Each structure stands twice: as structure tokens, then as C-alpha cells.
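Open your viewer and get ready to select residues by number. We will go from stop to stop, and at each one you will find something to look at.

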Amino acid sequence: MKTAIQKSPIPQNRFFVVETLKQPFFDPNWHFHSEYQLFIVLKGSGTRFIGDNVERYDEGSITFTGPNLPHLWRSDYDGSKDWSEGIVVYFHEDFISQNFLNKDEAIKLKQLLKLSLRGISIKGKTLNAIKEMLLKLPKLKGFDGVLQLLSILNYLSKSNDIELLTSPSYTNSLKEGDTNRMNKVYSYVMQNFKQKISITELAELTNMTPTSFSRYFKMHANKTFSDFISEIRIGYACKLLIEKNMNASQACYSSGFRTLSNFNKQFRTITKKSPLEYKKEYNV
């Protein structure tokens, strides 16, 4: 039986907890907990890991994750004075009772909570609306805050501007000891992905044989290690294309790929676009 790592326990006398974050980087540790979590990035960028999903995150991104779904936000903090900022909301599974959720009026809300078990990224017009609602939440006291949180969930339950993040087949098979091991892997990869990384290196890091590591990683990440590395590199290449205005060749070699042909192939596989198409979409 897996043990949930309690990141932010909610007092017994509270419906939910809302925290305003301002720190050098968002928590880079791979973890999961028994609360639902709403999170908006107000400042900062980096790589976000939710279940078997790996994506870049930027200022303004909002996610909603259900109980016991592993996640981490690894910031691109470079030691400057520009710290990451965000607002995070935690609420218990029993914040809304099952008796309430089984009523006809709560069908969409019940569906939303179920979808959050796969992780939700909020898009489009809904993103702006939820942002405004979340910005007000830390200032509200007493039951006004509860009503605001319910309004946010109600709005989300009726929106189509959502994207499910993990694959349908993903299940959390992690135990507390596994999170420490996976943290070592993620930390090593994020520090070295611009270079060639071999399975042997990771096997030694985790005290496993190469074959055992490959099997272990695929079981917990729901993808091969080579696919995982490609996602990290392509995510970083996207940042270089937009923020640094690099061309495809520059982004290719700066993000750790050895050949332009493989870079272009992996880029299209992961983003469904060519590097040029991706740049044009953001420069409109």
C-alpha cells in the first residue's frame, strides 16, 4: 500500500488552505499527497512533471490535480533576483461529501473531480477567468473563501477549455521510497540532459543494473527512459525557440540532440508541429 507524502496538511478545522508562494524556485521534489490541488504560476518558468506527463510551464499556467497524483515543478531559477511566484490551493477529498456529489445538480462537479485524477491543464478563456478568481481567493476570509472556491470548481466543471495531462493508462505505483529514487533520477536528468546520458549512469545512481533500471523507470514513468529524455530536451528547445529566438539548428544542439534530423522528428512527434510552425504560432 503506497504512503502519501503530506506536502501541506490541512488543519482539521479548515475546509481548505490557500498559500501565496514567493521563493527562488517551486518545490522540485517528486511527491504526491491526498489533497486536491489548484495551482497558478504568477511568475517563473520551468519543466512540469505530472504523472507520466512532462511539459514546459510558463507564467499564467494553471493546473488542477487530484489526490495521490505525483507531480513536481522544476523552475528555471538561475540565481537572479527574479523568484518564482504562484498561488496554490489544497482541499480534502471530503471537502464536498459523496452524498452531495451524487445529487443531479452536482453531476458535472463530480465528473470534474474524477478528471482531476489524470491532472488538468486549464486553457483558453477559462484560464483568464480562473486566474482572476484565484487572485481574489487569498484575500477572502471565512465562508466567503469557501464560496469562492466552490465558484471556481463550478466554473471549471462547465468548461471545455481543459486538457487532460496523464495518459489513460497511467496509475501511481509509487511508494515513499520510490519518490526518493525518482527524485535522484529527475534531478540528475535536469542537470545533465544537454549532454549524452546513458542508462548505465542512471543505473549506478540508483544502485540497479541497467536492465532493472529500464524496467523500473518504465513501470513508474509509463514511458521509456529515451522517450522521457526526448520530452525534456524538446521542452527546453521550445523555450529556446521562443525566448531566445534561436533557429531549429541552434535549439537542436543546445538542447542535447546530436543530429538535426532526429531533433526534427522528435519535435514533430511531441509537439505535432515543426520547429518553424511552432515559432510562427507564438510570434503571431
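Predicted model: local features only at pLDDT ≥ 70, side-chain atom pairs only at ≥ 80, totals over all residues.

**Stop 1: one side of a helix**

Start by selecting helix α2, residues 107-115. Now colour L109, L112 and L113, which are buried. They cover an arc of only 95° around the axis, so they sit on the same side of α2. Why can residues three or four places apart point the same way in an α-helix? An α-helix has 3.6 residues a turn, so such residues line up.

Next, show what covers these buried residues of α2. The cover includes the strands β2 (36-43), β5, β7 (84-91) and β8 (120-122), together with the helices α1 (98-101) and α4 (143-157).

**Stop 2: a buried charge without a partner**

Move on to D178, in helix α5, which runs over residues 176-192. Is D178 buried or exposed? D178 is buried, yet it has no salt bridge. The nearest side chain of opposite charge belongs to R181, 5.0 Å away. A salt bridge needs the side-chain nitrogen and the carboxyl oxygen within 4 Å.

What does the side chain of D178 meet in a polar contact? Select Y216: a polar contact of 3.0 Å joins the two side chains. If you leave out residues up to four places away in sequence, D178 touches S173, Y216 and H220.

**Stop 3: salt bridges**

Side chains of opposite charge can pair when their charged atoms come close. How many salt bridges does the count come to? The count comes to eight, and here are some to select.

- K223 and E231 form a salt bridge, with their closest N and O atoms 2.6 Å apart. K223 counts as buried, at 10% relative accessibility.
- E277 and R268 meet through their side chains at 3.5 Å, N to O. E277 is partly exposed at 40% relative accessibility, and R268 is partly exposed at 42%.
- K273 pairs with E281, the closest N and O atoms being 3.5 Å apart. K273 is partly exposed at 23% relative accessibility, as is E281 at 45%.

Now select R56, D76, K239 and E243 together. These four residues are linked in a network of salt bridges. Zoom in on K239, which you will find in helix α8 (residues 225-243). K239 counts as buried, with 15% relative accessibility. Setting aside neighbours within four places in sequence, K239 is in contact with S45, R56, D76 and K244.

**Stop 4: two cysteines**

A disulfide is a covalent bond between the sulfur atoms of two cysteines. How many disulfides does the count come to? The count comes to zero. Seen from C252, the closest cysteine sulfur is in C238. Both residues are hidden from view: C238 is buried at 8% relative accessibility, and C252 is buried at 0%.

**Stop 5**

Most residues other than glycine have a negative phi. Here are two residues with a positive one.

Go to N68, in the loop between β5 (62-65) and β6 (71-75). N68 has a positive phi of about 60°, although it is not a glycine. N68 is partly exposed, with a relative accessible area of 23%.

Then jump to K272, in the loop between α10 (260-271) and α11 (275-282). Phi of K272 is positive too, near 70°, and K272 is a residue other than glycine. Is K272 buried or exposed? K272 is exposed, with a relative accessible area of 63%.

**Stop 6**

Finish at N160, in the loop between α4 and β9 (162-164). N160 counts as exposed, at 74% relative accessibility. N160 and T126 are 34 residues apart along the chain, and their C-alpha atoms are separated by 8.4 Å.

Technical notes: Residues numbered from 1 in each chain as written. Heavy atoms only, no water. Helix = DSSP H or I, 4+ residues; strand = E, 2+ residues; numbered from the N terminus. Buried < 20%, exposed > 50% of the residue type's maximum accessible area, 1.4 Å probe, protein only. Lys, Arg positive; Asp, Glu negative; His and termini not counted. Polar contact = N/O pair within 3.5 Å; in protein donor to acceptor, adjacent residues only side chain to side chain. Contact = heavy atoms within 4.5 Å. Disulfide = S-S within 2.5 Å. Arc of directions from axis to C-beta.
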